[in-house]
Amino acid sequence: MVSLGALGLGVSLAVAFLGGLGSQTATIAQLAPTPSPTENPIPSKPDVPYVPTPEIVVTEMLKLAGVNRDDVVYDLGSGDGRLVITAIKDYGARRGVGVDINPGLVRLSNENAQKAGVGDRAQFLQQDLFQTDFREASVVTLYLLPQINLKLRPKLLSDLKPGTRLVSHAFTMGDWKPDKTVTVPGNATSSVPRNIYYWVVPANISGDWQGRVEYAPGRSQPYTLRFNQQFQQVKGDAIADGKKYTIPNITLTGDRLTFSRSETIQGQQGTIQFNGRIEGNTLKGTAGIKWGVLTRNFPIVAQRSTTLQGRAQR
Ligand SMILES: C[S@@+](CC[C@H](N)C(=O)[O-])C[C@H]1O[C@@H](n2cnc3c(N)ncnc32)[C@H](O)[C@@H]1O
C-alpha cells in the first residue's frame, strides 16, 4: 500500500486537518382562568403574561424542532399546555412536560391533556421555570420575552445536553444566532406573521486538543487542534511540526464536528474531510483523505488539555 508520504500528501495535506407577543405590542388576548379560592395563590409574579401561541404556529414550532417519538419535550411557561399536548398527540413525543407558574393554567393543562387522551404522557408542573430541572429534555419550546430568553440562556446552555433542540416563538436569544428562522404568514387565526427561531445546543469545544496521527506505518505526527467558539460558531487552527494552519469550513451541530479542506497538490485535487464527535474532553472521529483516485481514512482521537477548557465561551 502506498504511504501517504509517498502520495505527496506529506505535510501540506496530511497535516491539513491538523494543518405576537408576536410583535411585542400584542395585547394580552386571553387571561388565565382565575384560580378558585381553594387553590394555592400564584406563588410569585409571572415574568411573562399569558398569551397562547396560535395553533398554526404550534404546529410549525414542533415541525421545525423535528419532534418525534424519541423526544422529551419541555415547554417552559406552558400556558394551557397546547405545545406539550400537540407534541405528544400529533408528533408522537415520548413524553412532554409543561412548566407554568400559574396554578390555574397548570390545572387547565391537566384537564386538556386528559381530554386529548395524552394524560399518561403529559406532566404539568407548577414551578418557576428558572428553578426547573429540565436536563432530560431533548426539545425545549419557549414563548417568553426577549429579556427573559436572555436571562434563561446561561441555564439552557449549561443544563441542556449538546444536541438538544430549542424553538422560540417570536423572540431571539441575543447574540446567540439561530440555526434556522421560519416565518409563519398571517392567517385567519393570527393576522400578523410570526417568526419562530431554532437552535441546537452546541457542545463545548473551546480549548486545545492534542492528538497524534499515524500517516504511514511507524511514522506519526503529533498535532494540536485549537478551537475558539461563540455558541455554535467555531474558529480553529491546527498546529503541527511548528506550523499553524487555519481549519476551514468548521461546523458544530450539537456534539458533531465536521471540517474540510481542499487543495491541489502536484496537479491533483486533494481533500480532507473530518467527521467526529465531542465526548467531554475527547474528540473522536475519522479524517478521510482523497487525492486523485486514492482514498484513505484515519481514525482521529484527540484529548482536550483540561487547563484550557473554555466553558464560559459557549
Ligand atoms: C406567552 S405565555 C406562553 C404559553 C405557551 N407556552 C404557549 O406558547 O401557548 C407565557 C407563559 O409563561 C408563564 N410564566 C411566566 N413567568 C413564568 C415563570 N417564571 N415560570 C414559569 N412560568 C412562567 C405564564 O404564566 C404564561 O402562561
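**Strand pairing, cores and ligand shell**

Colleague: Which residue of strand 13 is the bridge partner of leucine 252?

Modeller: In this predicted model, leucine 252 has leucine 257 of strand 13 as its bridge partner.

Colleague: What makes strand 12 and strand 13 (residues 256–265) a pair?

Modeller: Pairing requires at least two bridges between the strands. Strand 12 and strand 13 have 3, in the antiparallel sense, so by that criterion they pair. They form a hairpin with 2 residues between them, and glycine 254 in the turn has a positive phi of about 65°.

Colleague: How do you know that strand 13 and strand 14 (residues 268–279) pair?

Modeller: The threshold is again at least two bridges; strand 13 and strand 14 are joined antiparallel over 10 bridges, and therefore count as paired.

Colleague: On what basis are strand 8 (residues 207–216) and strand 16 (residues 294–304) paired?

Modeller: Strand 8 and strand 16 share 3 bridges in the antiparallel sense, and at least two are needed, so the pairing holds. Tryptophan 209 has arginine 304 of strand 16 as its bridge partner.

Colleague: Why are strand 11 (243–247) and strand 12 (251–253) placed at the edges?

Modeller: The open sheet of 9 strands runs in the order 11-10-9-8-16-15-14-13-12, with antiparallel pairing. Strand 11 and strand 12 each have a single partner strand, so one side of each is left without a neighbour in the sheet. On average, neighbouring strands of this sheet are turned by 25° against each other, direction ignored.

Colleague: How do you know that methionine 61 touches Thr141?

Modeller: Contact requires C-beta atoms within 7 Å. Methionine 61 meets this with Thr141, as well as with Leu83, Val167, His169 and Ile196, when residues up to four places away in sequence are not counted. Met61 is also among the residues that touch the most other members of the largest nonpolar core, which has 47 residues; Val73, Val84, Ala87 and Val140 are the others named. A second, separate core of 23 residues includes Ala203, Ile205, Phe259 and Phe274.

Colleague: What makes Tyr143 part of the group around the ligand?

Modeller: The cut-off is a C-beta atom within 6 Å. Tyr143 is one of 24 residues around the ligand, and comes nearest together with Pro46, Thr53, Gly77 and Gly79. Helix 3 (82–91) and strand 2 (95–100) each supply at least two residues of this shell.

Colleague: How many residues of each class does the shell have?

Modeller: The shell around the ligand has 13 nonpolar, 6 polar and 5 charged residues.

Definitions and conventions. Residues numbered from 1 in each chain as written. Predicted model: local features only at pLDDT ≥ 70, side-chain atom pairs only at ≥ 80, totals over all residues. Core = buried A, V, L, I, M, F, W, Y, C linked by C-beta atoms within 7 Å. Buried ≥ 20, exposed ≤ 12 C-beta atoms within 10 Å, placed from the backbone. Contact = placed C-beta atoms within 7 Å. Helix = DSSP H or I, 4+ residues; strand = E, 2+ residues; numbered from the N terminus. Axes fitted to C-alpha atoms, helices over the stretch in contact; angles between N-to-C directions. Nonpolar A, V, L, I, M, F, W, Y, C, P; charged D, E, K, R; others polar.
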